[in-house]
Amino acid sequence: MIAALLVALALLLALGAPVAFAIGLSGMAALIVDGRIPFAVIPQRAFAALNSWPLMAVPLFIFAGELMNACGISRRAVAIVSRLRGGLPIVSVVASMFFASISGSSSASTAAVGTMMIPAMRQRGYPAGFAAALQAAGGALGPIIPPSIIMIVMGYVTGTSISALFIGGIVPGALIAAALIAVSRGAARIHEAASAPAEAPAGPNPPATLLRAMVEAIPALGMPVVVLGGILGGIFTATEAAGVAVAYGLFVGFFVYRELRLRDLRPLLARAALRSAVVLFVATSAFLFAWLIAVGRVPDQLGGQIEALTGSPIAFLLVANLILIVIGMFMESISAIIVIMPILFPLALTLGVDPVHFGVLASVNFCIGMVTPPYGATLFVACTIAKKSIGEVAGWTVRPVLAMVVVLLLITLFPAAVLTLPRLLGIT
């Protein structure tokens, strides 16, 4: 059965089938070959996968992100630093970080911020490949900085506290943002120096304009403060926080910025429903696949081999990083979590690795995979906006990806970078 499962998956992916369909159809093929398990297990596993309180947070956070994007958070973030020397690539990263703290989605962050920033960077003199690569890396901050859809699924699959994963992702997300800003500054010295004066206005915004832009951005950027403050204060769970985020987004949109109208809700709800359906369909297909993998006792067999090869927690984490990055390059992150974490997570616990540390590490690995060819999710979105092929942009991803890998190695070797904040706040 397992052989049929893997052969069918490889064949469907080679034929270009979407990952969710490839995973689901390969599961059906395995059931047909095995013949002992009835097809009734498919709807049963689908219901079991979606009948989850934590997963209810996914559509709510997606809708909250749509609301705040409609309120113009990206535009207001751009207004703060867009005229600083080197400010465009920096604001691309910073705006992505802010948007990530609202939506938790990498593709949404890349699309929302990249639509504005990639054309602006090209006008300022930056190569289209660099603009697309940097925005893809900035968009990948979405699943690291809380709230994070990936971490919601991670906590659900592994039984780890979602709140602890959220808090554990703050420092790694900030470190990656700082590393990407360093890459941006280096590019600014090269490309903006060669730009025409008309395309690169010198000097910062006047203080009054800058102050006004910062004040206008405060209500939108208050959402992550409300969400995380409520979680840390024990006022509500991560799923309840998603509902609060929606209510906050509606309040800001209708009564603070007054940019939302009742007629706007229908298209926003439609987009959120479509994106939620995609995420949950992927999760449903992957849960069937993961269940078949568990029935075939693959975790026990593969886990024993990995343990024999590594032997120590650090060696295991380094091998796991490599495995997760490669999987993230070829598989959608939610599918990858559901399929691979039941194999690696128990082994990590056996070797004494902290579950929050490993969950955050895995999330960072999958985010790096989003930026790398051939199937990086944020890279694909950024290339579409820049109107460039992945092949044309691939070479430009080297510096941002290396910056992210350096941070990954740092938090791998020093778990305190992930665990100190949750422990100080008593989140377990």
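This is a predicted model: local features need pLDDT of at least 70, side-chain atom pairs count only at pLDDT 80 or more; totals for chains, interfaces and linings use all residues.
## Helices α17 and α18

Helix α17, which spans residues 333-350, and helix α18, which spans residues 355-371, have axes that come within 11 Å and cross at roughly 145 degrees, and the crossing is right-handed. On the α17 side the residues that meet α18 include Ile337, Met341, Leu344 and Phe345, while those of α18 include Phe358, Ala362 and Phe366. By class, this contact has 13 nonpolar residues, one polar residue and no charged residues.

## Asn321 in helix α16

Asn321 lies in helix α16, residues 313-330, and is buried, with a relative accessible area of 5%. Its side chain is joined to that of Thr412 by a polar contact of 3.0 Å. Leaving aside neighbours within four places in sequence, Asn321 is in contact with Asn365 and Leu408 as well as Thr412.

## Salt bridges

Four salt bridges are found in the whole structure. One of them joins Glu66 and Arg271, whose closest N and O atoms are 3.2 Å apart; because Glu66 lies in helix α4 and Arg271 in helix α14, the pair ties together parts that are 205 residues apart in sequence.

Another salt bridge, at 3.6 Å from N to O, brings together the side chains of Asp354 and Arg423, linking the loop between α17 and α18 to helix α22 across 69 residues. The side chains of Arg36 and Asp34 also meet in a salt bridge, at 2.7 Å, with Arg36 exposed at 71% relative accessibility and Asp34 buried at 16%.

Technical notes: Residues are numbered from 1 along each chain as its sequence is written. Side-chain values use heavy atoms; hydrogens and water are left out. Axes are lines fitted to C-alpha atoms, for helices over the stretch in contact, and angles run from 0 to 180 degrees between N-to-C directions. Helices (H or I, at least four residues) and strands (E, at least two) are DSSP runs, numbered from the N terminus. A crossing is left-handed if the near helix is turned anticlockwise from the far one by less than a right angle, and right-handed if clockwise. Contact means heavy atoms within 4.5 Å. Ala, Val, Leu, Ile, Met, Phe, Trp, Tyr, Cys and Pro count as nonpolar, Asp, Glu, Lys and Arg as charged, and the others, Gly among them, as polar. Buried means under 20% relative accessible area, exposed over 50%, partly exposed in between (1.4 Å probe, protein chains only). A polar contact is a pair of N or O atoms within 3.5 Å; within protein, one must be able to donate a hydrogen and the other to accept it, and residues adjacent in sequence count only if both atoms are side-chain atoms.
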